[in-house]
Amino acid sequence: MNQAADANLFSRLFDGLDDPKRLAIETQDGDRITYGDLIERAGQMANVLVERGVKPGDRVAVQVEKSVANIVLYLATVRAGAVYLPLNTAYTLNELDYFITDAEPSLVVCDPAKAEGLAAIAAKVKAKVETLDAGGKGSLTEAADMAKSDFTTVPRANDDLAAILYTSGTTGRSKGAMLTHDNLASNSLTLVDYWRFTEKDVLIHALPIYHTHGLFVATNVTLFARASMIFLPRLDPDLIIKLMARATVLMGVPTFYTRLLQNPALSRETTRHMRLFVSGSAPLLADTHREWSARTGHAVLERYGMTETNMNTSNPYDGERVPGAVGFPLPGVSARVTDPETGKELARDEIGMIEVKGPNVFKGYWRMPEKTKAEFRPDGFFITGDLGKIDHKGYVHILGRGKDLVISGGFNVYPKEIESEIDAMPGVVESAVIGVPHADFGEGVTAVLVRQPGASVDEASVLKALDGRLAKFKMPKRVFVVDELPRNTMGKVQKNILRDTYKDIYAKK
Ligand code: AMP
C-alpha cells in the first residue's frame, strides 16, 4: 500500500523500493538477506507483535545480541507503529528494572538466558516476554516463521515516536530520549547525501545496534541508499581488513581506528577498495587521524552526534577533513556556541556551550517534562552539554562534556587543551584530564595517561615538558601513568570512573 502522506520511517525506507532482490545484509555465516526478505520478515514479525498485543505507540523493549533478526525486530516494531527501545546488552537485571518500569513496554524481548529474571520485572508493568538469542533464534522468530508476511504498515505522523533510546547516564539516572519518525528519516537522508552513499556501497557494520551509531547512522543510511552491509558481531581487526577488499565504507568509534592501526596488515593496498572511513561517538585523537592518513592515504571523516540529536555536524566529503574537528553543521541543522551562564551567543573561536536546532533534534525526555524544558532554549535550541567552539572557517570543535570542565582556583580549565599537549609528547599514547576535589583550589587539575610500551614518560617528565607551555592554573597538580583508560562500549573514556579513583588524592592528611 502506498501511502503518500504516511511519515512512518518504514514506509519512507521501503515504499519506493525498485528491486526486492537487491542485497541488504550479509552475515559471516553466509546468509544473504535481500531488501525483499527484510520487508517480508518485518511483515511476519509485525504480525507477531500485533498478536502479542502490541499497539501503535506501545514500547517494545529489546535487550538481545546483534543479529539480523534483531534488525528485523526493529523494522517490524516501527512498521507496527510501536516504539523501539533497545537496551545495552551489558545492562544487568537490576539496571533493566529501572528501564522497564520507567518505559512500561507492552513487550520485552531478551536473550533466553535472561528470560526468567526478566519475567518478574516485566510482570510489574504487565509486559509479555519473548526471546531471541545471538543466532536469531527464540520464541519470537519461531512464531514469526509461522506468521504471514502481509502487513499493512501503520501510518504515522512525522512527530510520532519511532524509538526511545536511553542515554548512558554517567551523571544521575539515564533518560529516555524520544525520537520521532522524522528525526530518524530526515537525518539519515541528509547523511546519504552528505557522505555520497549509493547502491554500490558496501558497509562493514561492526558496531553494536543498541546505540544510535550502529542502529540509526549505520543501518538507516545503508538502507535508504539501497546499499548493503556486512554484519559482524563485533570489532575483529583481521577480518575487517580482509573484508576491505570488497567493501567501501567503515563506520566506527575511535577505538576501531586505534585497534586497526595496531594491525600490521593495514596499508594503502589493503584499503584501496574503500572510499570512506567515518568516526564518531567519542573524540578521535588528532594523532590517530594523521597516522591513519599516513598509513592508508585516507582521511578519516569525523562527525559529531548524540543520542538526543542524531548527527549534528560532519567534516566535509570533498573539503578538508580537519584532525581534531567535527566539521560543519549538517544541512538543515543550526549550531551555535553560547555562554553557559547567560545563554548569550558567543563570537567565532570563543569557547562555550554547543546548542543545536533542526529536524534531527529529539522530542524530549520520556516522562521528564521538567528536564526537557530545562535543556531547551525558548527559541528551540537544544543545549547539548558539550563545550566547544566554532572556528573562523566554520568548523565545530568539541572540547569535552560540560560536566568534565575543571574549575580550579575559580578558573575554567578545558581538559581537551591539556590533553592535546600531553598527547603530543613523545611516548604518550593518550591522556585524560579530570578535576578532583582540592581543599584550596576547589578542584585540582589531574592528568592520567597511557604511555607507549618501553617509553620512559613519567610524572616528572610530563610536568617539566608542560612547564612554560601552559598557564600555571592549567598545570596538572598530579600526573598518573596507567595501563589503559576506562572506556564504555562506544569507546568513550569514563571520566566519572577516573574522578572516583582519584577522589582522595588531594585530601588533607
Ligand atoms: P551518545 O549519546 O552516547 O552518542 O554520546 C554523545 C556524546 O558523545 C556527545 O554529546 C559528545 O560528548 C560525544 N561525541 C560524539 N561524537 C563525538 C566526536 N566526534 N568528538 C567528540 N565527542 C563526541
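**View 1. Surroundings of Thr-446 in the predicted model.** Setting aside neighbours within four places in sequence, Thr-446 is in contact with Ala-432, Val-433, Ile-434, Val-436, Arg-478, Phe-480, Ile-505 and Tyr-506. Thr-446 belongs to strand β24, which covers residues 442-451. The relative accessible area of Thr-446 is 0%, so the residue counts as buried, the cut-off being under 20%.

**View 2. Polar atoms around the side chain of Thr-446.** Tyr-506, one of the residues in contact with Thr-446, also makes a polar contact with Thr-446, side chain to side chain, at 2.7 Å. A polar atom of the Thr-446 side chain lies 3.0 Å from the backbone oxygen of Gly-444.

**View 3. Crossing of helices α2 and α6.** Two packed helices are described by the angle and the distance between their axes. Helix α2 spans residues 35-51 and helix α6 spans residues 139-146. Their axes come within 8 Å and cross at roughly 110°. Angles of 65 to 115 degrees count as roughly perpendicular, and therefore α2 is roughly perpendicular to α6. The crossing of α2 past α6 is right-handed.

**View 4. Residues at the contact of α2 with α6.** On the α2 side are Gln-44, Met-45 and Val-48. They meet Leu-140, Thr-141, Ala-143, Ala-144 and Asp-145 of α6. By class, the residues of this contact divide into 5 nonpolar, 2 polar and 1 charged.

Key
Residues numbered from 1 in each chain as written. Predicted model: local features only at pLDDT ≥ 70, side-chain atom pairs only at ≥ 80, totals over all residues. Heavy atoms only, no water. Helix = DSSP H or I, 4+ residues; strand = E, 2+ residues; numbered from the N terminus. Buried < 20%, exposed > 50% of the residue type's maximum accessible area, 1.4 Å probe, protein only. Polar contact = N/O pair within 3.5 Å; in protein donor to acceptor, adjacent residues only side chain to side chain. Contact = heavy atoms within 4.5 Å. Axes fitted to C-alpha atoms, helices over the stretch in contact; angles between N-to-C directions. Parallel < 35°, antiparallel > 145°, perpendicular 65-115°, else oblique. Left-handed = near helix turned anticlockwise from the far one by under 90°. Nonpolar A, V, L, I, M, F, W, Y, C, P; charged D, E, K, R; others polar.
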